[in-house]
Amino acid sequence: MAAHRRRPRQRAAGGGPARAAATLTLAGAAGATCLSGTGNAAPEPTPAQVEAKVDRLYREAEEATEKYNGAKEQADAARERLDDLRDEVARTEDRLNTARATLGSVAAAQYRSGGLDPALQLALSSDPDRYLDGAALMERAGSRQQAALGEVRRELRQVERLRGAARVELSTLTSRRSERERHRATVTGKLEEARRLLSRLTAGERARHAAGPGSQHAARAASDGREALAPATPAPGPRSAAAVAYAYQKLGSPYVWGATGPHSFDCSGLIQAAYRSAGVSLPRTTYAQIGAGRPVSRAELRPGDLVFFYSGISHVGIYVGDGRMIHAPNPSSQVRLDPVDAMPFAGATRVA
């Protein structure tokens with residue numbers, strides 16, 4: 001009996017190592033899984049990969065910036081039209097009130113004259129000649145009433161037309177403002193992501209990325225203004241030359257999206273400011289600027305021509321000769337001199 005009672009204890013003792021072995025096996029498998037997961041983790045991107053992604057984000061942000069600029073321009077125009085319409089409504093309502101006052105005066109005069117039939121009034125009048133004079137006066141008053149009534153109707157129709165147009169402009173303004181804010185959110189999101197990526201680079205890598213492919217030319221041009229005055233190929237006219245000179249003066253200015261100068265710029269803002277200084281009014285966005293002049297080929301470029309890049313026409317610079325341009329590239333850089341071939345060429349136009 002005693003031996004029989006000891007058997008369960010022996011089985012129990014033998015089960016301990018088995019469970020321990022199973023536990024170790026599971027632990028080893030779990031450890032292998034963790035090690036395997038660590039081994040398959042994505043490697044850190046190289047500086048070149050970071051820079052490439054930052055450049056892509058900047059291009060996407062610039063596309064959104066140009067759309068923001070366009071929506072803002074349209075919103076500003078709608079705001080001006082709405083203000084003009086409201087002013088015209090106020091003037092028309094003043095004329096309507098004057099016409100209503102005139103109509104009221106005529107109606108009051110008729111009421112005071114009584115409502116008797118004209119023939120009966122003549123028969124009862126003690127002074128027929130005086131009555132006839134009065135009747136002629138009332139006939140003229142009736143004509144004046146019809147004219148006043150017609151004027152009231154015209155002004156009422158005009159007020160309603162203007163109010164309808166104002167409602168349309170208000171709707172347009174609201175829509176453009178919403179569109180502008182959507183593009184603003186896109187721009188700020190892209191730029192924030194680019195800043196996070198750039199923070200992974202060393203100070204030297206960030207400086208090299210910000211300098212761009214034409215950094216040596218830019219440094220030389222900034223310290224030697226003679227390049228701006230004597231390009232190898234002359235500008236086609238004095239306004240083009242003045243725009244190029246302005247662009248040289250702005251080398252080193254910061255890029256700020258949505259800015260049009262005089263101290264900071266985005267790409268199309270720099271172009272608009274350069275030609276504004278030369279007395280030429282250009283549209284605000286790259287999409288409109290490319291249609292503002294005569295198209296020219298890559299081989300025909302002369303200083304002052306506008307050069308556009310990427311398939312979406314989202315970037316612009318001003319050609320300064322010798323295969324180079326001045327442009328505002330992105331928020332991590334400044335207005336600088338770069339080769340035209342630094343980006344995918346999409347077209348060019350001559351505005352002056």
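Predicted model: local features only at pLDDT ≥ 70, side-chain atom pairs only at ≥ 80, totals over all residues.

Visitor: What makes strand 2 and strand 3 a pair?

Guide: Strands are DSSP runs of E with at least two residues, numbered from the N terminus; helices are runs of H or I with at least four. Two strands pair if DSSP finds at least two bridges between them. Strand 2 and strand 3 (residues 315–321) have 4 bridges and run antiparallel, so they meet the pairing rule. Phe 309 has His 315 as its bridge partner in strand 3. The hairpin has 5 residues between these strands, and Tyr 310 there takes a positive phi near 75 degrees.

Visitor: How do you know that strand 2 also pairs with strand 6?

Guide: By the bridge count again: 4 bridges join strand 2 to strand 6 (residues 345–350), and the two run antiparallel. Phe 309 stands opposite Phe 345 in strand 6.

Visitor: Why are both faces of strand 2 called covered?

Guide: In a regular strand the side chains alternate between the two faces of the sheet. In strand 2 (residues 306–309), Leu 306 and Phe 308 lie on one side, Val 307 and Phe 309 on the other, and all are buried. Buried means under 20% relative accessible area, exposed over 50%, and partly exposed in between (1.4 Å probe, protein chains only).

Visitor: Why is the contact of Glu 169 and Arg 81 called a salt bridge?

Guide: The term needs a side-chain nitrogen of Lys or Arg within 4 Å of a carboxyl oxygen of Asp or Glu. Here N to O is 3.0 Å, so the pair qualifies. Glu 169 lies in helix 4 (residues 128–198) and Arg 81 in helix 2 (residues 47–113), so the pair ties together parts 88 residues apart in sequence.

Visitor: Is Glu 169 buried or exposed?

Guide: Glu 169 has 14% relative accessibility, so it counts as buried. Arg 81, at 38%, is partly exposed.

Visitor: What makes Glu 93 and Arg 163 a salt bridge?

Guide: Their closest N and O atoms are 2.3 Å apart, so they pass the distance test. Glu 93 lies in helix 2 and Arg 163 in helix 4, so this pair links parts 70 residues apart in sequence. Glu 93 is partly exposed at 27%, as is Arg 163 at 33%.

Definitions and conventions: Residues numbered from 1 in each chain as written. Heavy atoms only, no water.
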